[in-house]
Amino acid sequence: MKPLVAAGRGVTIAGIGGCVPPAVVTNDDLAQVVETDDEWIRTRTGIRERRVADPEIATSDLAEVAARRALEEAGVRPDQVDLIIVATVTPDMPFPSTACLLQDRLGAVRAAGFDLEAACSGFVYALAAGAQFIAAGLYDTVLVVGAETLSKILDWSDRRTCVLLGDGAGAAVLRPAPPGEGILGLYLGADGSGGDLLKQPAGGSRLPPSAETVARGLHYVQMNGREVFKFAVKTMGDAAQAALAQAGLGFDDVDLYVPHQANYRIIESSARRFDLPLERVVVNIDRYGNTSAASIPVALDEALSTGRIRAGQTVLLVAFGGGLTWGAAVVRWGYDRQAPRPLEMPGQRPRYGLPEWIRRQAAEGRARRDGRARLAAAAADPAASPAGAATPPAGPGEPGALPGPPGRGAPPRAAGGGDAR
């Protein structure tokens, strides 16, 4: 394995902060708008409820709360931060970056900033990137944030995706440490041939926003759950082994395993492969769902508040996500949290009940799907179609479909198998 850093300067996590919005949507709530029930969701995913941001709340709002909490825990002022990296697939806008928006709101006047997009692996990718700036001696204080408002890009009439995802943010402050402390091993990987397995097709330069992309629901998350499951189970193990090997450690040395919270069956399968008992695994997917890049730092925040992470412990972080991407980090933890801390936004308490905006968007999604079905039926039977009926928008792979990337006519090679739905 390559050494973690060339300069030999250690990097530690000096503070963690988390934040989730107050609105709680349970499985029973979702059963009001999609064909599902609590048992169907729980047995396939392990999720009982998830948090969703109110319509006026953006990713940077959650990121700011998490960042301030992390800075406070680390004893670092915003004007001492040298660099801000925000991992997200739901930025406030394409540009300026959410990192720049966050820099301004924090008053981190000295900090450079950029966004990083590696989907659910984003926090581990950002952790690795930030660590290198410190290890090389370029910066002393890096703020790494994973933040998502995935509820903004969900089709709430599609039970394959809307039951899985939630909103949240988590942040870590990175500082120099003596060699042998802090981050001991890192491993990142990617396989773009599986990019079609988990994606948001429209909104970029390939498929710019248009009436057609909106009508076809191409601005929402799409996922092949079965193939993502197979990819995750294999890749998480490979990444964990590589990061541990770099640290000169094995699974027996791991005190706590903090995996990306995508699916309980994936977490359980990976722990079994590592021969780790479940009492050494952090699981909070039942209460927050899959929060993508926020998943691991939110889990770290909770584990610190409950005393499951203590100074001197070896903590293994492993993630996988769209891209396809994966990553792992081995951390020798450097501090104890003195008192538990809530995850809710300041002054907020959990708020139960199905938000009206979700009910409305689910109805719009059903209407959109029914309209496409009627148009498709009319196209298949021109004799039954009223004169002048509109030609239906083509679906993916159909004649006249919106173009795909060059050379991508065949389905991508599956990167892995199981059913994440």
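Predicted model: local features only at pLDDT ≥ 70, side-chain atom pairs only at ≥ 80, totals over all residues.

Reader: Which residue stands opposite Y352 in β14?

Author: The residue opposite Y352 is V24.

Reader: In what order do the strands of this open sheet lie?

Author: A strand order is read from the pairings, and two strands pair if at least two bridges are found between them. Here the order is β3-β2-β14, an open sheet of 3 strands with mixed pairing. The edges are taken by β3 (49–52) and β14 (351–352); each has a single partner strand, so one side of each is without a neighbour in the sheet.

Reader: Let us turn to the aromatic rings. How many aromatic pairs are there?

Author: Rings are paired if their centres lie within 6.5 Å. By this rule there are 7 aromatic pairs. For W156 and W357, the ring centres are 6.1 Å apart and the planes stand at 90 degrees; planes over 60 degrees apart count as edge-to-face, so this pair is edge-to-face.

Reader: Which parts does the pair of W156 and W357 tie together?

Author: W156 belongs to the loop between β6 (142–149) and α6 (159–162), whereas W357 belongs to helix α12 (residues 356–380), so the pair ties together parts 201 residues apart in sequence.

Reader: Are W156 and W357 buried or exposed?

Author: The cut-off for buried is under 20% relative accessible area. W156 has 0% relative accessibility and therefore counts as buried. W357, with a relative accessible area of 10%, is buried as well.

Reader: Why does the pair of W333 and Y335 count as tilted?

Author: Their ring centres are 5.8 Å apart and their planes stand at 40 degrees, so the pair is neither stacked, which needs under 30 degrees, nor edge-to-face, which needs over 60. Both W333 and Y335 are buried. Separately, one aromatic cluster is formed by F231, F320 and W326.

Reader: Finally, where does L249 lie, and which residues is L249 in contact with beyond its neighbours within four places in sequence?

Author: L249 lies in the loop between α8 (225–247) and β11 (256–259). Its relative accessibility is 23%, so L249 counts as partly exposed. Beyond those neighbours, L249 is in contact with L184, L244, T314, V330 and R332. Of these, V330 is 81 residues away along the chain, and the C-alpha atoms of L249 and V330 are separated by 9.1 Å.

How values were computed
Residues numbered from 1 in each chain as written. Heavy atoms only, no water. Helix = DSSP H or I, 4+ residues; strand = E, 2+ residues; numbered from the N terminus. Phe/Tyr/Trp six-rings, centres within 6.5 Å; stacked < 30°, edge-to-face > 60°. Buried < 20%, exposed > 50% of the residue type's maximum accessible area, 1.4 Å probe, protein only. Contact = heavy atoms within 4.5 Å.
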